[in-house]
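Please keep the sequence and the model in view while reading.

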Amino acid sequence: MSGAAAAGLLSSALAACGSDEGGVPTLTWYTNPDSGGQAEIAARCTEAADGQYAIETAVLPREASQQREQLIRRLAANDASIDIMSLDPPFIPEFAEAGFLAPVPSDVAERVTEDVVESAVEGSTWNDELVAVPFWANTQLLWYRESVVEQAGLDMSQPVTWDQIVEAAQAADVQVGVQGIRAEALTVWFNALIESAGGSIIEENSTDPSEIELGLTSEAGIRAAEVMRMIGTSGTVGPALSTANEDSTATAFEGPNGGFNVNYPFVYPRALSAVEAGTMDASVPEDYGWAIYPRVDADTPAAPPYGGINLGVGAFSQYPELAYEATECITSTENQAYYFVTNGNPASDTAVYDDPEVLEQFPMAPTIRDSLELAAPRPQTPYYSEVSGGIQRVYHPPSSVEPEQTPEAAAELINAVLRKEQLL
């Protein structure tokens, strides 16, 4: 959606809010761009509210960093028009620490975390308190070509390691798709590697940046760097690793050299849509298989990426009680199932994964659910932008990573930024 269109929606939503004084309270829900699913859920919940409230949506910019910036600026000015926000999980601690989120009532917290995957609860928590409402939860699977793993003799019913995948790809002369672009996708990949190795980017957390202890130079941090370098120099990642993102690696996986790809569930409906449009042969997605994210070490379970969107209620909203009531409607099992099927965004509610329509459209849904139970959020810190920015700078390109040098260099940079001795 264009900036002008988004601005138009925003203006209309705010105008609607102002026009309802003395009538039905209007809640403004700031949403990330999607395929219209959040707007439809807003309409459904408005109807279900039966006159208690109405929900209007205002579309935020496409990039998560720009969404954060716009919301932070408005909330810093005590903007009362922000009732509900669709928040990228890594930014939630920053919003909570700044006092921008209305407290979650205890009874609401109990209901919205029932039967919810653990990673989504963790991603909505700061200082041991639920500060946002889990909505949809995303994770990466290991996608593979069945013909390739058959040729390699890999048993995909058992966990596989990055080493095994690279060896199989080298033997079959196919590609391994990973996201090596200097962007948030690189932090997502590195976080999954260090968490899968049994460590964390932040070992000791604190609201005081001088007291944060990074785990980059730990044994797990060095092991993650070793795996990143191994993959980056394996000859299986293609010539454009340094600019590879989710879309480009999905495209490569669809091609004749596709072998393996760590990526989000959109990979599957994207391929089916191409078949329906006549731009892809049906034999391509028929060759797709899926499994849990690769392990770093054979005896340590993988910690796949966790993402998605959770809902925050603005601290300056005129209607926080109604806003929290609305979040319960938005995140109902029925609406999460609708959103999964129509927009391809997996649910945080485990009951959705038993829905027949979900299973028909996403036969890998049980694997997505299992992955979300194993998934690890990115570092929970109010200084996430500084931490992620430092990793993107030092670990890029992945082929240049030196296990004995890169972790230390990244730790020095991030610590200097946190101490305000250096700028990113």
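1. The model is predicted. The protein holds 19 helices and 13 strands. Its radius of gyration is 22 Å, close to the 22 Å that the globule rule gives for 424 residues, so the protein is as compact as a globular protein of that length. Taken along the principal axes, the C-alpha atoms fill a box of roughly 70 × 55 × 40 Å.

2. Burial and contacts. Of the 424 residues in the protein, 55% are buried. When contacts between residues at least 6 apart in sequence are considered, 74% join residues at least 24 apart.

3. The largest nonpolar core. In soluble globular proteins, nonpolar side chains tend to be buried together. Here the largest nonpolar core has 53 residues, and those that touch the most other members are W162, V178, W189, F190, L216, F260 and Y395. At least two residues of this core come from each of β7 (141-145), α7 (146-152), α8 (162-172), α9, α10 (219-232), β11 (258-263), α18 (384-394) and α19 (406-418). Another core lies apart from it, with 30 residues, including V117, A120, F253 and V358.

4. W162 within the core. Which residues does W162 touch, not counting those up to four places away in sequence? They are V176, V178, W189, L193, V227, M230, I231, V262, Y293, P294, R295 and V296. Two of these, V178 and W189, are also listed with W162 among the core residues that touch the most other members.

5. F190 belongs to helix α9 (residues 184-196). Is F190 buried or exposed? The relative accessible area of F190 is 0%, and the cut-off for a buried residue is under 20%, so F190 counts as buried. Leaving aside neighbours within four places in sequence, F190 is in contact with I201, L216, G221, A224, A225, M228, I391 and Y395.

6. The largest pocket. The volume of the largest pocket is about 1,500 Å³. Its lining has 42 residues, of which R62, W136, N138, E246 and Y264 are the closest to its centre. The elements α3, β6 (133-139), α9, α11 (246-254), α12 (267-277), β13 (306-313) and α15 (333-343) each give at least two residues to this lining. The largest share, five residues, is that of α12. By kind, the lining residues are 17 nonpolar, 15 polar and ten charged.

7. How many cavities of 30 Å³ or more does a search of the whole structure find? The search finds one. The largest cavity holds about 50 Å³ of space. Its lining is made by A64, Q67, R68, L71, S86, L87, D88, F91 and F95. Two or more of the lining residues come from α3 (64-76) and from β3 (84-87), and α3 has the largest share, with four residues. Five of the lining residues are nonpolar, two are polar and two are charged.

8. Helix α15. This helix is mostly covered, with eight of its eleven residues buried. The buried residues are N335, Q336, A337, Y338, Y339, F340, V341 and N343. The elements that cover them include α2, β6, α14 (320-330), α16 (356-361) and α17 (365-374). After α15 comes G344, with a positive phi near 75°.

9. Local backbone features. H396 and P397 are joined by a cis peptide bond, with omega about -5°; P397 sits in the loop between α18 and α19. D50 is a residue other than glycine with a positive phi, near 55°. D50 lies in the loop between α2 (37-49) and β2 (54-59) and is exposed, with a relative accessible area of 67%. N127, also a residue other than glycine, has a positive phi near 55°, and N127 is placed in the loop between β4 (125-126) and β5 (129-130).

Notes. Residues are numbered from 1 along each chain as its sequence is written. This is a predicted model: local features need pLDDT of at least 70, side-chain atom pairs count only at pLDDT 80 or more; totals for chains, interfaces and linings use all residues. Side-chain values use heavy atoms; hydrogens and water are left out. Buried means under 20% relative accessible area, exposed over 50%, partly exposed in between (1.4 Å probe, protein chains only). Contact means heavy atoms within 4.5 Å. On a 1 Å grid over the protein atoms alone, a cavity is a set of points where a 1.4 Å probe fits but cannot get out, and a pocket is an open set with protein on both sides within 12 Å along at least five of seven lines; lining residues have an atom within 4 Å of a point. Grid points are joined across faces, edges and corners, and a volume is the space filled by probe spheres set on the points. Ala, Val, Leu, Ile, Met, Phe, Trp, Tyr, Cys and Pro count as nonpolar, Asp, Glu, Lys and Arg as charged, and the others, Gly among them, as polar. A nonpolar core is a set of buried Ala, Val, Leu, Ile, Met, Phe, Trp, Tyr and Cys residues joined through side-chain atoms within 4.5 Å. The radius of gyration is taken over C-alpha atoms; the globule rule is 2.2 Å times the number of residues to the power 0.38.
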